[in-house]
Amino acid sequence: MAAKAQPETVALFVSDLHLHAGMPRTTDAFFRFLQTEATRTSSLYLLGDIFEYWAGDDDLQTPFNRKLCDALRLLSERGVKLYWIAGNRDFLVGPVFADEAGLTLLHEPHIAEFTHQKILLVHGDAQCTDDTAYMGFRQQVRDPAWQQSFLAKPLAERKTLIESMREGSRAAQQEKSMEIMDVNPAEIERLFSTYGVTQIIHGHTHRPGVHQTAGGMRYVLPDWDFEGKLVRGGWIAMDLDGALKTIGVHGSQLSLV
Ligand SMILES: [Mn+2]
């Protein structure tokens with residue numbers, strides 16, 4: 001094997017691919033990312049909703065899940081450190097997947113410490129506090145007792161239940177205003193002051209951007225969709241000087257990396 005080249009970036013941050021077997025082009029785009037950009041960094045932070053859903057680690061037998069797990073493992077074997085924060089879709093990822101993908105599960109909020117800076121990392125759903133119905137649902141499904149009883153059900157039954165939850169969530173989202181489904185500004189300021197940081201990176205809202213607020217800078221990751229004629233996706237890169245850059249992918253299929 002060739003000697004590992006000097007990394008070109010300190011870290012990459014990515015989220016909200018919502019991958020499943022019905023998203024073949026988006027999945028291919030992510031594989032290309034894992035085989036190119038991601039091989040030239042020191043750390044890759046996967047910040048939630050990489051999978052559209054995760055029924056439990058025993059679902060690793062599904063070829064689609066296995067393929068993705070193996071691609072992550074290959075990257076970790078090349079010396080890239082992989083970190084994972086659960087999203088609201090794939091929060092059931094557990095230690096078996098982490099072990100087989102060669103990644104480290106982080107609890108949110110996680111403070112990532114780099115040479116010149118600290119960055120607080122969250123998926124972003126827990127900060128959408130105006131969506132009280134979702135917050136109630138989140139509290140239920142993040143409860144270890146609920147998860148234990150859910151994971152005790154047969155895999156096929158879990159998948160059926162998840163499918164009906166996805167239907168329900170799609171219907172509920174159509175009735176909620178844009179404000180309700182964004183992060184709550186006061187909650188963001190609370191994170192800045194509670195954790196003594198001036199930078200936050202999150203995804204979830206599918207509203208990529210950089211926001212200067214009273215407490216610091218809030219970087220929002222894009223979601224990915226390569227299925228249609230117009231594609232979108234991207235990541236945030238920390239370069240060797242510590243600067244954060246958003247690498248956006250928009251437009252034609254050919255524009256990725
Ligand atoms: Mn999400």
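This is a predicted model: local features need pLDDT of at least 70, side-chain atom pairs count only at pLDDT 80 or more; totals for chains, interfaces and linings use all residues.
View 1. The pairing of β2 (residues 41–46) with β3 (residues 81–84) is parallel and takes in four bridges. To get from β2 to β3, the chain goes by way of helix α2 (residues 63–77), making a right-handed β-α-β crossover.

**View 2. On to β4, with L82 in the picture again.** Here β3 pairs with strand β4 (residues 103–105), in the parallel sense and over three bridges. L82 has L103 as its bridge partner in β4. Helix α3 (residues 95–101) carries the chain across from β3 to β4, and this β-α-β crossover is right-handed too.

**View 3. Helix α1, end to end.** This helix covers residues 24–35, which makes 12 residues. From first C-alpha to last, α1 reaches 16 Å, close to the 16 Å expected at 1.5 Å a residue.

**View 4. The buried face of α1.** Which residues of α1 are buried? They are T26, T27, A29, F30 and F33. Look down the helix axis and the buried residues of α1 fall within an arc of 160°, so they line one face of the helix. The general rule behind such a pattern is simple: an α-helix has 3.6 residues a turn, so residues three or four places apart point the same way. And what do the buried residues of α1 pack against? Their partner is strand β10, residues 231–239.

Note on methods
Residues are numbered from 1 along each chain as its sequence is written. Helices (H or I, at least four residues) and strands (E, at least two) are DSSP runs, numbered from the N terminus. The expected span of a helix is 1.5 Å times one less than its number of residues. A residue is buried if 20 or more other C-beta atoms lie within 10 Å of its own, exposed if 12 or fewer, and partly exposed in between; C-beta atoms are placed from the backbone. The arc is that of the directions from the helix axis to the C-beta atoms. Two residues are in contact if their C-beta atoms, placed from the backbone, lie within 7 Å. Two strands pair if DSSP finds at least two bridges between them. A crossover is right-handed if, with the strands pointing away from the viewer, the path from the first strand over the helix to the second runs clockwise.
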